[in-house]
Amino acid sequence: MENKKELRTWLDDMKLDHPLVIAGPCSAETEEQVLKIAHELKDTDVTVFRAGVWKPRTRPGGFEGVGAVALPWLKKVKEQTGLLTAVEVANVAHVKLALEADVDILWLGARTTVNPFAVQEVADALEGTDKIVLIKNPINPDLALWLGGVERLYKANIKNLGVIHRGFSSYKKTRYRNVPQWQLPIELKRQFPDLPIINDPSHICGNRTGIQEISQIALDLNFEGLMIETHITPDDAWSDAAQQITPARLVEIMNDLKVRKPKAEGETLDQLQQLRAEIDVIDNHIIDTLAERMKVAAQIGEVKKSKNISVLQDARWGEILQNMVAVGEKSGLSQEFIESVFKAIHQESINKQEEIVTSK
Ligand code: PEP
Ligand code: MN
């Protein structure tokens, strides 16, 4: 897919003077719940009302959504509040019903984006639609799979596209429900700067306390919008209770968020250019230093080869990591950061040494 400027038009057409905000419950539960939430969101900066109608549950027996009965409720939301409406679709039947009910925005959930068969089925069912279609990132941190979803929809002649970053599942226990892994949406933005990207802090955090922080990071990274799960009585929600916030709390968060200018001008630009020049010099030093280190690692490889010693020396590697974490801490560098940097450096040294040891 080329970088298509036309991808942005639906967002530009909205002419918002603030980031796009999509809010509403994880799941539509009752007509009363849906309408109450929508009315509370009506006179705020929220533009789009979301509600899951069909819910993908990890295990059977959980609440799987009320289904198509909720679609007329969303019609009422639109009529009574003027908010646009958005639902998740995962198969042809969902698409047909959502289009018939004139839902404005259809999104593909994380569990759908992982499956190219399902994405293709939805893309075929949506062929040529002028509705807005948003694609959540797949559960696993695979940018190609995410972009593949966008491409399948683009090829089905759907031009009003956007993506939603909802974080990535991890086998490690972390403070997030889904780890943000910001480098993935950043890379996506680099490759497709005109594809609107919306952050979903609710599914990243899995709790209420982190929503503001994640939203601010997303805005600082120039995301075009936020999707935040909102419920009148979050504790009683039928799904994702722990992460939903009240409309009142959402308004507080929106008021506290700082929207910064996407580009610097004048004196600020001069100041930034000066600092960026310094960063460029430092980055070049880092590369030179790494190259130096690899040369020494290669010499070690030669010694190991001549003496027939194995490439990986567990104890030595443990020692390096421990020392560097301690040194890094003194300079205010986090353990997580030092570990990831040194693991990458060590892996490259091993690759180099392996090449030498196995060469004739
Ligand atoms: C949701 O938006 O409620 C949802 C199910 O999200 P995800 O597909 O990101 O898990
Ligand atoms: Mn949810």
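**Notes on the predicted model**

1. The protein's secondary structure comes to 14 helices and eight strands, taken as DSSP runs numbered from the N terminus (helices H or I, at least four residues; strands E, at least two). This is a predicted model, where local features need pLDDT of at least 70, side-chain atom pairs count only at pLDDT 80 or more, and totals for chains, interfaces and linings use all residues. Residues are numbered from 1 along each chain as its sequence is written, and side-chain values use heavy atoms, with hydrogens and water left out.

2. On the overall build, the C-alpha atoms fill a box of roughly 80 × 50 × 40 Å along the principal axes. Of the 360 residues, 44% count as buried, that is, under 20% relative accessible area with a 1.4 Å probe, protein chains only (exposed is over 50%, partly exposed in between). Among contacts (heavy atoms within 4.5 Å) with a separation of 6 or more, 72% join residues 24 or more positions apart.

3. Helix α10 (residues 211–220) is worth a look: its buried residues are Ile211, Ile214, Ser215, Gln216, Ala218 and Leu219. Their cover includes β7 (197–199), α9 (201–205), β8 (225–229) and α11 (247–256). After α10 comes Asn222, with a positive phi near 65°.

4. Now to helix α12 (residues 266–307), where you will find Ile282. Ile282 counts as partly exposed because its relative accessibility is 47%.

Conventions: Chains are lettered from A and ligands numbered from 1 in the order in which they are written.
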